[in-house]
Amino acid sequence: TNTVSGKAGPVDAYFSKMEQPGNQGLWKTIAGANLNIGPAEFYAQRGRSKQGDVDTRTKTVGARGSVPFMDGTLSGNVKRQFVEDQDPVTNYGFNWKGPVGPGTLHAEGNLMDVRNVGMEPSAKAEYIYKNPLWLGGNLSATGSYVNPLDPDRASAIKAMLRYTLGRQRGN
């Protein structure tokens, strides 16, 4: 892999080329740039990969950022990817992590929108309460939901409650 990158003020750019001749002649090139303004980052990237007879070209544009919100951190992103000869895919996501009561909540959501095909929403959350019984360890509750884009797959909801005994890293 050969990479060249540079930075000037709030802009950084890169170009990378990777070749694996023994892997059906696989090679990839990626070129992109990022613009950082305060808590936000805007980015664009072009890529091409070829392996055997398969030649794929992609273009990606997006934005992401984080800000303090309600004693925690709120992050968001939006990304649109164009793959040659396919419908474009747009992803919207958010993430919040912060203290709630005696523990920490981490919640996130995502929406994948494939033009002319449909949308796939998903969400998950985790709540961790450290040392609730004064024995060391953590109590955690997790849950997730996904409504797949594939009409042959059913929506799924998962939930789990777990208590881990003993001293945990980070305690």
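Arg-64 sits over the face of Tyr-43, 4.2 Å from the ring centre, where a charge counts as over a ring if NZ of Lys or CZ of Arg is within 6 Å of the ring centre and within 35 degrees of the ring normal. The model is a predicted one, in which local features need pLDDT of at least 70 and side-chain atom pairs count only at pLDDT 80 or more, while totals for chains, interfaces and linings use all residues. Residues are numbered from 1 along each chain as its sequence is written, and side-chain values use heavy atoms, with hydrogens and water left out.

**Aromatic rings**

- The structure holds zero aromatic pairs, a pair being rings of Phe, Tyr and Trp (its six-membered ring) whose centres lie within 6.5 Å, with planes under 30 degrees apart counted as stacked, over 60 as edge-to-face and the rest as tilted.
- Phe-42 belongs to strand E4, residues 40–51, where strands (E, at least two residues) and helices (H or I, at least four) are DSSP runs numbered from the N terminus.
- Phe-42 counts as partly exposed because its relative accessibility is 39%, given that buried means under 20% relative accessible area, exposed over 50% and partly exposed in between, with a 1.4 Å probe and protein chains only.
- Beyond its neighbours within four places in sequence, Phe-42 is in contact with Ala-33, Asn-34, Leu-35, Ile-37, Gly-62 and Ala-63, contact meaning heavy atoms within 4.5 Å.
- Between the C-alpha atoms of Phe-42 and Val-11, which are 31 residues apart along the chain, the separation is 9.6 Å.

**The largest pocket**

- Rolling a probe the size of a water molecule over the atoms shows where empty space is left.
- The largest pocket contains about 180 Å³ of space, a volume being the space filled by probe spheres set on grid points that are joined across faces, edges and corners.
- On a 1 Å grid over the protein atoms alone, a pocket is an open set of points with protein on both sides within 12 Å along at least five of seven lines, whereas a cavity is a set where a 1.4 Å probe fits but cannot get out, and lining residues have an atom within 4 Å of a point.
- Its lining is made up of 13 residues, and Arg-46, Gly-47, Arg-57, Thr-58 and Lys-59 are those nearest the centre of the largest pocket.
- Two or more lining residues of the largest pocket come from each of strand E3 (26–37), E4, strand E5 (54–69) and strand E6 (72–83).
- By class, the lining of the largest pocket has five nonpolar, three polar and five charged residues, with Ala, Val, Leu, Ile, Met, Phe, Trp, Tyr, Cys and Pro counted as nonpolar, Asp, Glu, Lys and Arg as charged, and the others, Gly among them, as polar.
- Gly-47 lies in strand E4 and is buried because its relative accessibility is 14%.
- Leaving out neighbours within four places in sequence, Gly-47 is in contact with Thr-29, Ile-30, Thr-56, Arg-57 and Thr-58.
- Gly-47 and Val-100 are 53 residues apart in sequence, and their C-alpha atoms are 42 Å apart in space.

**Loops and backbone angles**

- Most residues other than glycine have a negative phi, and most peptide bonds are trans.
- Asn-116, in the loop between strand E8 (103–114) and strand E9 (118–130), has a positive phi near 65° although it is not glycine, and at 69% relative accessibility Asn-116 counts as exposed.
- Asn-131, in the loop between E9 and E10, is likewise not a glycine and has a positive phi of about 55°, while its 31% relative accessibility makes Asn-131 partly exposed.
- Asp-87 lies in the loop between E6 and strand E7 (89–100), and it is partly exposed, with a relative accessible area of 34%.
- Apart from neighbours within four places in sequence, Asp-87 is in contact with Val-114, Arg-115, Asn-116 and Val-117, and the C-alpha atoms of Asp-87 and Arg-115, 28 residues apart along the chain, are separated by 5.6 Å.
- Gly-22, in the loop between strand E2 (11–20) and E3, is exposed, with a relative accessible area of 81%.

**A buried serine**

- Ser-140 is placed in strand E10, residues 138–146, and counts as buried because its relative accessibility is 7%.
- Not counting residues up to four places away in sequence, Ser-140 touches Glu-126, Tyr-127, Ile-128, Met-160, Leu-161 and Arg-162.
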